[in-house]
Amino acid sequence: MTRALDREIISTRQQAIAQLAREAPERVLLTLAHHIDLMWMEEAYRRTRKDGAVGVDGVTAETYEQRLHENLSDLLERFKSGRYRAPPVRRVHIPKAGAKNATRPIGIPTLEDKVLQRAVLMVLEPVYEQDFLDCSYGFRPGRSAHQALDALWKGLMDIGGGWVIDLDIRAFFDSMEKTHLNAFLDQRVRDGVIRRALGKWMQAGIMEDGAISYPERGSPQGGVISPLVSNVYLHEVLDHWFEQTVKPRLQGRAFMVRFADDGLLAFQREDDARRVMEVLPKRFARFGLTLHPEKTRLVDFRRPSPVSEERASQRERSFDLLGFTHYWWRSRKGRWVVQRKTAKSRFGRALRQIGQWCRLNRHRPVAEQQQALSRKLKGHDAYYGITGNSRALSRLRFEVQRRWRKWLNRRSHATQLDWPAFKRLLKRHPLPPARVVHSIYAT
């Protein structure tokens, strides 16, 4: 009961912060840290993931909780007094989506660092949620990738496809310039305690293979505060600029959808798109960012005509965003509609992961394997199960069945499953059918 009351108090405070920021959009906020007290820290700890990898200090949640009240009180005092020192972030490399043998770096802060970042995020988020625009969907409360996909679909259908700039920012998190970030933050938040902590996190070293380095640019991925920082940066560099400076000068309609550092700009007119395409690299370079010269491209995504259908390839008239390939196709009624299917790289990655699991777990009981594979397929559908993607979902089932049969046959040379025998096995241990979870027809 006490915990529920504490959450209600914190929620009321956050609403007050949001109302203040909303009523005075040009006001610079000088005092916010006073909201962060021990109750606030306890709620921040509750919201912090406890099962993640440990940081450079090796402290686990189990160890930290042995003296939780004392640890949080000490952390709060160090934060308020300025004695808090941001520890180096442990860097590891994880496989990069859609790229064989490629990895991307991710930072792992200490548990204590995560808690304090969460506490600061709980103060800053109500402020910046009043400033961020509707075109931004990534890492924002109440917003999701599927909402971004829906907005993109509706926008493209509304303007008949138009001309699309498919943005690709090269090494965004490693390229943000701290001087520009500080200038952006100055426009809204100048609370000394909070800004001091943000500065320390931006300056914290990176530990990799036992060596610590101090990059002059960028923000380590993996920190709780990093998504908000990236949204602040791109809000100024791209979102606000596009809405306030670019759109009023266009001849036709245009809109943008951005999810973190993935973005797409759509234009009704070709001349508008080409003018913006020409100025975009200069705009990004001004703030230390670089657009990938090959991956950033202008796509003729107009609703097809018989002539364009013959002359343009599927690649030239499609683009990928948020794990889906977007393209034009005729509906059952013969109308041209924007369709989405699982991107080739994401499909291949999912299949490789499931195939690897089947190989490593082929000696487990069949019923146990069926349960695990069912969970994986349902998890896949939870994201990729959108209207129009049924064919890719069904194809994944077929390919998963092939790999499951292949590795079941590797268990023993004495017992081999041909397809009729495997189909009988599937009747006893069925995999779930493809399911559209996110339907445009849902009410």
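Modeller: A contact here means heavy atoms within 4.5 Å. Keep in mind that this is a predicted model.

Colleague: Which residues in α1 meet α5?

Modeller: The α5 side of the contact consists of Met 122, Val 123, Pro 126 and Val 127. The residues of this contact divide into eight nonpolar, one polar and no charged. On the α1 side, they are Ile 10, Gln 14, Ile 17, Ala 18 and Ala 21.

Colleague: At what angle do α1 and α5 pack?

Modeller: Two packed helices are described by the angle between their axes and the distance between the axes. Helix α1 covers residues 2-23 and helix α5 residues 111-128, with the axes 7 Å apart. Their crossing is right-handed. The angle is about 40°.

Colleague: How many aromatic pairs does a search of the whole structure find?

Modeller: Rings count as a pair if their centres lie within 6.5 Å. On that basis, a search of the whole structure gives 17.

Colleague: Is the pair of Phe 301 and Phe 319 stacked or edge-to-face?

Modeller: The ring centres of Phe 301 and Phe 319 are 5.1 Å apart. Planes over 60 degrees apart count as edge-to-face. The planes of these two rings are at 65°, so the pair is edge-to-face.

Colleague: How many residues apart in sequence are the parts that Phe 301 and Phe 319 tie together?

Modeller: Phe 301 lies in the loop between β9 (297-300) and α12 (306-311). Phe 319 belongs to strand β10, residues 319-321. Phe 301 is buried at 0% relative accessibility, and Phe 319 is buried at 0% too. The pair therefore ties together parts whose separation in sequence is 18 residues.

Colleague: Is Trp 419 buried or partly exposed?

Modeller: Trp 419 forms an edge-to-face pair with Phe 422, 5.6 Å centre to centre and 80° between the planes. Both lie in helix α16, three residues apart, about one turn of the helix. Phe 422 is buried at 0%. Buried means under 20%, and Trp 419 has 29% relative accessibility, so Trp 419 is partly exposed.

Colleague: Which residue's side chain is joined to that of Asn 361 by a polar contact?

Modeller: Asn 361 lies in the loop between α13 (344-360) and α14 (366-384). Asn 361 is buried, with a relative accessible area of 14%. A polar contact of 2.9 Å joins its side chain to that of Arg 364.

Terms used
Residues are numbered from 1 along each chain as its sequence is written. This is a predicted model: local features need pLDDT of at least 70, side-chain atom pairs count only at pLDDT 80 or more; totals for chains, interfaces and linings use all residues. Side-chain values use heavy atoms; hydrogens and water are left out. Helices (H or I, at least four residues) and strands (E, at least two) are DSSP runs, numbered from the N terminus. Buried means under 20% relative accessible area, exposed over 50%, partly exposed in between (1.4 Å probe, protein chains only). A polar contact is a pair of N or O atoms within 3.5 Å; within protein, one must be able to donate a hydrogen and the other to accept it, and residues adjacent in sequence count only if both atoms are side-chain atoms. Axes are lines fitted to C-alpha atoms, for helices over the stretch in contact, and angles run from 0 to 180 degrees between N-to-C directions. A crossing is left-handed if the near helix is turned anticlockwise from the far one by less than a right angle, and right-handed if clockwise. Ala, Val, Leu, Ile, Met, Phe, Trp, Tyr, Cys and Pro count as nonpolar, Asp, Glu, Lys and Arg as charged, and the others, Gly among them, as polar. Rings of Phe, Tyr and Trp (its six-membered ring) pair if their centres lie within 6.5 Å; planes under 30 degrees apart count as stacked, over 60 as edge-to-face and the rest as tilted.
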